[in-house]
Amino acid sequence: MKRTILTLAAALITFGAAFAHEEHTAGDLVIDHPIARATPAGAPVSGGYMTIRNTGDRADRLVGGSADFAGKVEIHEMAMDGDVMKMREIEGGIEIPAGGEIVLKPGGLHVMFMQLGKQLEEGAELPATLTFERAGDVDVVFSVESLATIRAQMDGGMDHAD
């Protein structure tokens with residue numbers, strides 16, 4: 001009986017993770033595997049990562065978003081400035097070229113969830129809205145995962161960019 005319960009629990013966890021990692025589509029845009037970084041209690045910020053593909057013949061631009069669990073959502077990048085890694089908001093957002101894609105991942109482009117209202121716990125699924133210049137508001141569900149899990153997943157095939 002215990003083995004059956006454990007097997008069922010494992011299947012449900014696997015099903016839940018697969019469901020949370022669905023693609024979201026809006027017009028010509030495909031948002032693949034939106035994930036947010038788990039946080040310790042009291043942390044004020046978290047990052048959101050995903051791949052966004054544009055299957056259309058016109059560019060679009062990710063310009064912002066909103067989430068009930070965050071007071072503010074911005075589009076950020078991390079980049080080296082000499083020997084110092086700096087993070088900053090990208091004014092005007094990120095272009096998704098026609099027929100191309102962008103990859104938001106740790107250490108680079110990402111969605112920044114600020115003024116968190118609660119701890120983001122691994123395994124949670126959090127609804128949010130991404131705002132695009134052309135496609136408008138797109139509702140997505142972010143799966144909350146540890147940084148190690150995020151990096152392993154992105155290095156293991158989610159990162160389609162060269």
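A word on the model: it is predicted, so local features need pLDDT of at least 70 and side-chain atom pairs count only at pLDDT 80 or more, while totals for chains, interfaces and linings use all residues. Residues are numbered from 1 along each chain as its sequence is written, and side-chain values use heavy atoms, with hydrogens and water left out.

Ile31 sits in strand β2 (residues 29-37); strands here are DSSP runs (E, at least two residues) and helices are runs of H or I with at least four, numbered from the N terminus. Setting aside neighbours within four places in sequence, the contacts of Ile31 (heavy atoms within 4.5 Å) include Met50, Thr51, Ile52, Leu130 and Val140. Thr51 is 20 residues away from Ile31 in sequence, yet their C-alpha atoms are 6.0 Å apart.

Now to strand β4 (residues 60-66), which pairs with two strands in the table. Strands pair if DSSP finds at least two bridges between them.

| Partner of β4 | Sense | Bridges | Residues facing each other |
|---|---|---|---|
| β7 (residues 94-96) | antiparallel | three bridges | Arg61 and Glu95 |
| β10 (residues 125-132) | antiparallel | four bridges | Ser66 and Thr129 |
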